[in-house]
Amino acid sequence: MKIRKIKIKNYKIFDDLELDFTDSDGKALDTIVLAGINGCGKTSILQLLQTIFSVNFNRFWNWDFLALKIDNVFCEELTIEFESSLDFIQSFNTLLISVLNELIFSPEQHTRESNIKNICPLLESVVSKLSNIEGKKGDIKIFSFCYKSQKNNEKIAVSENDFIPFGIISENITSQYFGALYFVANSFELNNDLEKKIPDEKDGIVKLVDIFSHKEEIEGYLKDSIIDAVLKNREISAQNAINKKVEEINQILKNIKINTKLIDITSEKVIFESTNGKKISIDDLSSGEKQLYYRAVMLSKLNIKDSFILVDEPETSLHPTWQREIIKLYQNAGENNQVILATHSPHIIASVNPKNLFVLYFDEKARKIKVMNMEKEQKYTKGVEPNRILAEIMGYKLRDEDTQNRIDEITLLFRQSPADIEKIEKKIELLAYDLGLHDPAIMGINNRLLLMKRKLNQ
């Protein structure tokens with residue numbers, strides 16, 4: 001299942017926002033990169049997706065929780081258009097029907113009444129919507145889930161909530177179909193209504209991943225996976241199982257130029273080989289190397305398929321060379337997943353095609369957040385050098401204000417006082433002292449000065 005379009009009305013900083021994640025052929029994109037300055041809503045979109053996929057089933061016994069809220073922030077309307085194979089839709093709907101029957105015929109009377117009154121009508125509407133989707137086996141179908149509510153005197157009345165199924169399907173059943181991974185940038189900023197921490201278990205279909213909070217889980221998995229492989233197939237040797245797991249992890253990182261390689265897994269530790277051929281432990285890796293290997297191991301562990309991979313600020317602790325290649329790590333993981341990233345990195349932005357890049361910005365005239373797709377705006381991004389990305393795409397001034405003012409002052413002198421050579425040269429000399437003679441601005445100014453002198457001497 002993949003997201004095609006999102007429409008948001010009256011949520012956080014968004015008045016009304018429409019995101020179209022389809023390509024020129026009308027198919028959902030496999031990779032989506034959200035960019036823009038701080039405060040434009042990139043992380044808010046990821047957190048919104050986290051919420052609709054992760055609301056815990058036990059919280060639905062309270063009617064107030066049927067309202068879609070993040071940290072009690074009101075959302076008036078949300079529509080998400082999905083595309084999926086008909087096979088998946090039918091399997092998912094069969095699962096919903098079984099859950100619905102279980103709710104209706106719950107042996108506990110008070111729970112049964114609450115279910116019928118609050119949850120079941122909304123769940124029945126989703127079942128009905130999915131049941132009406134027809135076609136041949138394997139066909140790709142498009143359908144929309146919608147949430148609508150009204151707020152009156154701080155009370156929220158929900159008229160429609162098609163996202164309820166994601167919150168009430170138990171983890172062990174849902175994992176047969178699909179899930180969502182959310183790699184957070186800062187676990188302290190998680191929008192989790194009950195507690196702001198990384199949970200040990202899935203919440204709905206979402207697995208929240210804070211790399212360093214899951215350090216022990218990640219390292220333990222490598223050892224346990226070897227034991228599990230040998231127990232499942234007694235004919236293979238432990239060494240073969242180790243070699244297979246090592247190759248699997250390195251394969252996820254195959255497109256990233258990381259010199260340190262995973263070479264062995266023992267009962268005591270995971271062993272790497274450094275650039276100079278020395279064998280080292282995971283604790284000896286740099287922060288960036290740990291980030292890469294932890295993420296690769298987590299993706300290998302979960303082995304997700306037909307799922308959503310949400311990543312906030314994947315560039316954290318990574319060298320620019322790795323930032324340029326980090327998207328490939330998520331694209332290499334699992335099968336038929338949709339990757340949605342939020343980033344500030346010009347290196348990541350320059351690594352993706354314009355069709356995959358969506359820049360959020362504040363429209364001063366309309367006084368609201370809007371979005372631009374770089375392909376539709378005919379903007380160049382793929383392979384563009386980072387300074388151009390910063391200036392042309394992200395609206396970032398490459399120089400500090402004082403330095404830029406000094407450059408502008410010299411440029412103004414060329415126009416207004418071209419004969420005052422001594423004054424211009426003095427200002428250029430002072431500027432070159434700070435920037436160096438090989439700075440592009442200094443080289444351009446000196447070239448202009450040379451041409452002006454030749455013209456004055458004619």
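View 1. Helices here are DSSP runs of H or I with at least four residues, strands are runs of E with at least two, and both are numbered from the N terminus. This is a predicted model: local features need pLDDT of at least 70, side-chain atom pairs count only at pLDDT 80 or more, and totals for chains, interfaces and linings use all residues. Residues are numbered from 1 along each chain as its sequence is written, and side-chain values use heavy atoms, leaving out hydrogens and water.

**View 2. H1 is largely enclosed by the rest of the structure, because 12 of its 13 residues are buried.** Buried means under 20% relative accessible area; exposed is over 50%, and partly exposed lies in between (1.4 Å probe, protein chains only). Among the buried residues of H1 are Leu46, Leu48, Leu49, Ile52 and Phe53. Lys42 and Gln50 are buried too.

**View 3. Phe82 and Phe143 form a stacked pair.** The whole structure holds 14 aromatic pairs. Rings of Phe, Tyr and Trp (its six-membered ring) pair if their centres lie within 6.5 Å; planes under 30 degrees apart count as stacked, over 60 as edge-to-face and the rest as tilted. Here the ring centres are 5.6 Å apart and the planes meet at 25 degrees, so the pair is stacked. Phe82 sits in strand S4 (residues 75-85) and Phe143 in strand S5 (residues 140-152), so the pair ties together parts 61 residues apart in sequence. Both Phe82 and Phe143 are buried.

**View 4. Phe145 and Phe166 form a tilted pair.** Their centres are 5.9 Å apart, with 50 degrees between the planes. Phe145 lies in strand S5 and Phe166 in helix H4 (residues 164-168), so this pair ties together parts 21 residues apart in sequence. Phe145 and Phe166 are both buried. Ring pairs link these two into a cluster that also includes Phe53, Phe82 and Phe143.

**View 5. Three strands form an open sheet in the order S9-S10-S11, with antiparallel pairing.** Two strands pair if DSSP finds at least two bridges between them. The edge strands, S9 (261-265) and S11 (279-281), each pair on one side only. Strand S10 (residues 270-273) joins S11 through three bridges in the antiparallel sense. Phe272 has Ile280 of S11 as its bridge partner.
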